[in-house]
Amino acid sequence: MAKTVLVTGAAGFIGSHTAETLLKRGDRVIGIDNFNDYYDPRRKRANIKEIETNLVPSGQFEAFTLIEGDIRDRNVVRKAFETYQFDAVVHLAAMAGVRVSIDDPGLYYDVNVNGTLCLLDACVGRLSEASKPKSLPNFVFASTSSVYGNTQQIPFVPDDRCDRPLAPYASSKRASEMLAYSYHHLYALHCTMLRFFTVYGPRGRPAMMAFKVLDNIFKGTEVPLYNSGNMHRDWTYVLDIVSGIIAAVDRPLGYEVLNLGRGEPVLLADFIQGIEALAGRPANLVPTPMLDADISYTFADISKTQELLGYQPKTSVPEGVDNFWKWYQGAILPTA
């Protein structure tokens, strides 16, 4: 049966892919995005245009409604919940990035924690009597592997205490996980916390490493190479992440914390080498010491996610990098 799903951050990287996947399978999608200037808003509008181009021929785009608004604005959120009866809320909107959060922790907490609180209040009908749902939606939250901090538990397991975050971004996401538990406890709201591991792919944000390497090669943008590329990341292709999100939408689990990764760490230097090989040119990156807020290794234990969601990442890193390169050629290089 088709669902009505609220997707926050619907014009962003993961949000646009999530919205498109839900629409393709016949769901009604209401998106919220404030098109902020964390990166060029035109890039986000281009994401929406890609969805439209892909779905208009089939008529599926008609099931998409985009609300331009901020998740911290209780009037915007209240109106959405008064207008629609949501079966699920996929909360992807956030201020992202470990390093940037150090410069502006107040903004990160305001958006990531207060925005989440506003949505949780809406889910349980606390914004107004008119918005009280007939049944509570399934709340699916985008968390991050950064909450693990410099854990010594390898691979990273969801039941790690995660009480030593290294940057405001990570701590804001951990705080939101704990806030969601409170709402599960008080209101029996189904809440699934999905910890994403280094996501990459088409429509990626310009601040992401794959994007930055190609911008360095073709635009000469200066890009730091932390720790000489001697860092392992559990690179996970965006559509594999989306498959986990969709599975969580369809399976209310009470309160669960789950990893979404590939479970296969790859050296950053090797990841960059794969991009260079496709571009046919070397990157000229600036060797830079690793930041105190960074860690040298991420590795997702996805066994619990496989058990509860049937999650199975399918895209190898070489295949995913090739897909990103093809998208970058079509979407970015013509305007470079």
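Let's start inside the sheet: V140 in strand β5 is the bridge partner of V90. What we're looking at is a predicted model, where local features need pLDDT of at least 70, side-chain atom pairs count only at pLDDT 80 or more, and totals for chains, interfaces and linings use all residues. Residues are numbered from 1 along each chain as its sequence is written, and side-chain values use heavy atoms, with hydrogens and water left out.

Strand β4 (residues 88-91) and β5 (residues 138-144) run parallel and are joined by four bridges. Strands here are DSSP runs of E, at least two residues long, and helices are runs of H or I of at least four residues, numbered from the N terminus; two strands pair if DSSP finds at least two bridges between them.

Zoom out and you get an open sheet of seven strands with parallel pairing, in the order β3-β2-β1-β4-β5-β6-β11. At the edges sit β3 (64-68) and β11 (255-260), each pairing on one side only. From one strand to the next, the twist averages 20°, with axes being lines fitted to C-alpha atoms (for helices, over the stretch in contact) and angles running from 0 to 180 degrees between N-to-C directions.

Now for β1 (residues 4-8). Five of its five residues are buried, so this strand is largely enclosed by the rest of the structure. Buried means under 20% relative accessible area, with a 1.4 Å probe and protein chains only. Both faces are covered: T4, L6 and T8 are buried on one side, V5 and V7 on the other.

As for its neighbours, β1 pairs in parallel with β4 over four bridges, and T8 stands opposite H91 there. Five bridges link β1 to β2 (residues 28-33), also parallel, with I32 of β2 as the bridge partner of T8. To get from β1 to β2, the chain passes through helix α1 (residues 13-24), and this β-α-β crossover is right-handed: with the strands pointing away from the viewer, the path from the first strand over the helix to the second runs clockwise.

Last stop, the second largest pocket, with about 210 Å³ of space. A pocket is an open set of points on a 1 Å grid over the protein atoms alone, where a 1.4 Å probe fits, with protein on both sides within 12 Å along at least five of seven lines; lining residues have an atom within 4 Å of a point. The volume is the space filled by probe spheres set on the points, which are joined across faces, edges and corners. Its lining includes D40, R43, P206 and K219, and helix α2 (residues 41-55) gives the most, with three residues.

Key: Buried means under 20% relative accessible area, exposed over 50%, partly exposed in between (1.4 Å probe, protein chains only).
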